[in-house]
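This briefing is intended for a reader who has the sequence and the coordinates at hand.

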Amino acid sequence: MKVDALILSRLQFAAATFFHFLFVPLTLGLSILVAVMETKYARTGDNLYLRMTKFWGKIFLINFAIGIVTGITLEFQFGTNWSRYSAFVGDIFGSLLAIEATAAFFLESTLIGVWIFGWNKLSRKAHAAVMWLIAGASTLSAVWILIANSWMQHPVGYVLRNGRAELSDFAAVVFQPWAILEFVHTVSAAYILSAFFVMGISAYHLLKRQHIEFFTRSFRIALVFGLVFTLVEVVEGHLHGADLAEKQPTKLAAMEAHWETSTYAPKYLFAIPDEEQERNLIQIMPIPGMLSLLARHSLSAEVKGLKDFPRDERPPVFISFAAFNTMVALGFYFLLMTVVGWFKRNKLLESRGYLRLMLYSIPLPYLANELGWTLAEVGRQPWIVYGLMKTSDAHSPIAASQVGISLVAFILVYGLIGIIGYYLMARHAAKGPEAA
Amino acid sequence: MELASIWFFIWGLLWAIYFITDGFDLGIGILLPFLGKKEEERRTMLRAMGPLWNGNEVWLITAGGVTFAAFPMLYAVMFSSLYSALMLVLFGLIIRGVCVDLRAKANTNAWRRISDAGIFLGSLLPGILLGAAFANIFRGLPIDKEGIFHGSILTLLNPYGLLGGVLFLMFFLLHGSIWLSIKTQGELRVKAAATSAGLWVALLIAAVVFLISSAFATTLYDNYISRPGLGVVILIAVASILAIRFFLAKKAYWKAWFSCAISILASTFFGVIGLFPAMFPSSLNREWSLTAFNASSSPLTLKIMLIVAIIFVPIVLAYQIWAYGLFRHPVTEKEMASEDSY
């Protein structure tokens with residue numbers, strides 16, 4: 001592989017995005033959980049809920065700080081590293097990012113200061129309302145960012161004019177089904193992550209039999225939240241696959257390692273694809289007709305195989321396949337764990353095995369979230385805008401050395417920030433809440 | 001007026017608001033090691049901007065986002081040409097943000113010292129580099145017909161560019177020290193006020209030298225010569241800088257701060273009006289310059305974005321002004337004792 005500005009820019013974007021998305025999901029979900037806790041405090045005046053708000057709120061703030069600063073670079077990287085892409089899509093993609101900043105990001109960032117420092121300046125209810133607004137604005141941010149990404153996945157509402165994609169139908173861009181599915185999928189995944197985060201830390205303290213009331217209540221709030229959104233995710237995931245089959249058949253074929261176009265296409269639970277020889281070296285546990293059924297709602301439906309697409313229009317098969325199947329397996333694991341949790345919710349302290357599993361499960365939704373983005377972005381290759389512009393035509397005409405230096409700087413700075421951030425979160429989480 | 005022209009001025013306005021709002025936070029960050037000799041002073045300085053700096057920084061995101069949305073070609077050429085400088089600005093802002101937010105989250109002296117250094121550097125770099133970048137845009141940069149940049153970060157380090165960096169720095173420092181004069185009490189306030197008086201002289205010199213140099217290094221004055229009425233912007237810039245001194249002497253710090261805000265706005269518009277319609281002039285051939293007309297989005301996008309801006313910018317301003325109002329009083333010892341944020 002040639003090391004040039006293209007590959008370095010791709011690595012830099014991947015590093016910056018993966019890192020940013022280690023923090024975004026928890027911001028999305030924990031803001032809601034903290035808002036729920038604070039509302040309970042505002043309604044009942046129960047001091048335990050105030051302590052819960054402060055304890056989880058502090059973790060939220062550490063996480064939020066890193067999420068914010070790493071988001072800034074992403075918006076500017078399109079211009080610095082992907083200038084040809086930016087010039088080509090700015091008419092549509094740029095406006096979505098600008099709307100995100102004006103309509104959502106502002107609210108979230110302005111109110112975070114009000115929340116931190118406004119305890120004595122606002123009434124209890126107003127202060128709780130501020131956290132709801134922060135949560136709402138974060139989710140609204142996600143709406144616009146995901147509409148923008150959806151347009152890269154499935155461009156609509158545009159015309160090719162003046163050598164670029166120009167907007168022709170704003171509503172088509174904003175309300176396309178892909179965007180709605182992607183939003184529900186991503187936000188549910190973020191909420192699941194947050195629920196597992198709160199349940200995992202609560203499990204740690206319950207295992208040590210400390211702050212029992214505090215962490216039992218925290219665990220239960222998160223459990224309900226997690227259970228609802230794992231169910232949403234399973235149903236949505238199915239609709240998502242069917243939409244994908246129609247609109248991005250190369251990604252579907254790659255993530256299923258499906259080479260030959262066929263009817264009654266089976267789904268393999270395990271396979272090792274070989275891209276050179278255009279077949280799977282190993283494929284085991286087929287479920288006959290399952291792929292046809294999932295993708296096209298009929299056992300006998302035809303599903304296009306990778307061989308029907310030119311080699312230079314296929315995404316990396318192994319990464320897509322591994323990312324997809326691991327993500328799905330994790331999704332069912334989350335469902336299992338929340339359902340089990342529901343039946344154990346009144347005897348958490350006795351369920352030590354379950355609590356231990358939940359503690360060690362904290363990283364798993366992080367993995368699932370990152371794998372989801374891996375599938376979304378790697379599975380779209382070689383396109384940066386599916387069917388319209390190739391990634392290899394999109395990067396800036398800049399020297400590879402410049403990008404190389406900034407890539408190293410990104411890895412060092414982000415690595416350091418990540419270590420500090422997670423160290424502080426872990427320390428605070430393990431220390432537990434302040435005394436009543 | 002045409003949509004593209006309207007957007008040109010909104011573009012300038014958004015950058016100006018960014019310089020006004022985040023300007024004083026960056027100034028405070030640079031002043032931290034100089035005015036904050038004691039830990040209590042440093043905590044108070046950070047607390048003075050604490051509730052507001054996060055929201056202020058979003059004006060940069062919005063200015064960047066609007067550049068992308070309304071002038072995609074400019075966004076592409078400007079950000080890739082200024083690659084290394086912009087990366088340094090971003091790393092500066094990242095380090096500043098993390099250090100401000102996490103400074104008090106680990107209770108050790110070593111971590112606080114590292115954070116203070118991070119806040120200082122993370123404020124200094126964006127301050128100087130944004131000034132240098134904009135002065136270089138006023139002056140023109142070597143871009144060819146395809147918008148490909150033929151230079152390096154060293155291209156920015158010419159006398160006029162550096163002067164722009166110094167001018168921005170002086171604005172931010174003064175804006176920050178006046179904010180501290182408003183938001184602190186006692187000894188720290190006395191120090192901040194004295195610093196403001198000194199910085200004002202430095203700003204005045206930098207501004208005068210910049211205005212004169214612009215006549216030689218740029219073509220900014222061409223628009224003012226063809227339409228002398230526009231010169232009122234320069235008058236406002238100068239008058240508001242003089243007003244800062246007047247209000248500082250009367251210890252009317254809010255009025256001094258607003259005068260400083262107006263002087264930043266007018267100074268930004270001195271450049272923006274002088275540039276019009278160019279947005280990124282080419283020093284190789286003026287024909288290759290990016291302008292409001294050849295770099296803009298389609299009329300539909302400009303129209304939709306205008307509606308978005310007309311609805312949301314006033315809403316944003318309204319709740320930001322509300323937040324400023326909520327935190328308008330000087331930081332009290334009671335607050336410092338009861339909070340654990342800084």
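At what angle do helix 7 (residues 159-183) of chain B and helix 11 (residues 253-275) of chain B pack? The angle is about 160°, and the axes are 9 Å apart; axes are lines fitted to C-alpha atoms, for helices over the stretch in contact, with angles from 0 to 180 degrees between N-to-C directions. This is a predicted model, in which local features need pLDDT of at least 70 and side-chain atom pairs count only at pLDDT 80 or more, while totals for chains, interfaces and linings use all residues. Residues are numbered from 1 along each chain as its sequence is written, and chains are lettered from A and ligands numbered from 1 in the order in which they are written. Helices (H or I, at least four residues) and strands (E, at least two) are DSSP runs, numbered from the N terminus.

**Helix 7 and helix 11 of chain B**

- Their packing angle makes helix 7 of chain B roughly antiparallel to helix 11 of chain B (angles over 145 degrees count as roughly antiparallel).
- The crossing of helix 7 of chain B and helix 11 of chain B is left-handed, that is, the near helix is turned anticlockwise from the far one by less than a right angle.

**Helix 1 and helix 3 of chain B**

- The axes of helix 1 (residues 3-35) of chain B and helix 3 (residues 53-70) of chain B come within 8 Å and cross at roughly 160°.
- These two helices of chain B are therefore roughly antiparallel to each other, and their crossing is left-handed.
- The residues of the contact between helix 1 of chain B and helix 3 of chain B divide into 13 nonpolar, four polar and three charged.

**Strands 3 and 4 of chain A**

- Strand 3 (residues 267-274) of chain A pairs with strand 4 of chain A in the antiparallel sense over seven bridges (strands pair if DSSP finds at least two bridges between them).
- Asp274(A) is opposite Arg279(A) of strand 4 of chain A.
- Four residues lie between the strands of this hairpin, where Glu278(A) has a positive phi near 55°.
- Among the nine residues of strand 4 (residues 279-287) of chain A, the count of buried residues is zero.

**Contact between chains A and B**

- In chain A, 50 residues are in contact with 54 residues of chain B (C-beta atoms, placed from the backbone, within 7 Å).
- Helix 4 of chain A gives the most to the side of chain A that touches chain B, with 22 residues.
- That side of chain A has 29 nonpolar, 17 polar and four charged residues.

- Phe60(A), in helix 3 of chain A, is buried, with 26 other C-beta atoms within 10 Å (20 or more count as buried, 12 or fewer as exposed, and numbers in between as partly exposed, with C-beta atoms placed from the backbone).
- Beyond its neighbours within four places in sequence, Phe60(A) is in contact with Leu30(A), Ser31(A) and Val34(A).
- Leu388(A) lies in the loop between strand 5 (383-385) and strand 6 (389-390) of chain A, and counts as partly exposed with 14 C-beta neighbours inside 10 Å.
- Apart from neighbours within four places in sequence, Leu388(A) is in contact with Pro155(A) and Ala165(A).

Technical notes:
Parallel < 35°, antiparallel > 145°, perpendicular 65-115°, else oblique. Nonpolar A, V, L, I, M, F, W, Y, C, P; charged D, E, K, R; others polar. Contact = placed C-beta atoms within 7 Å.
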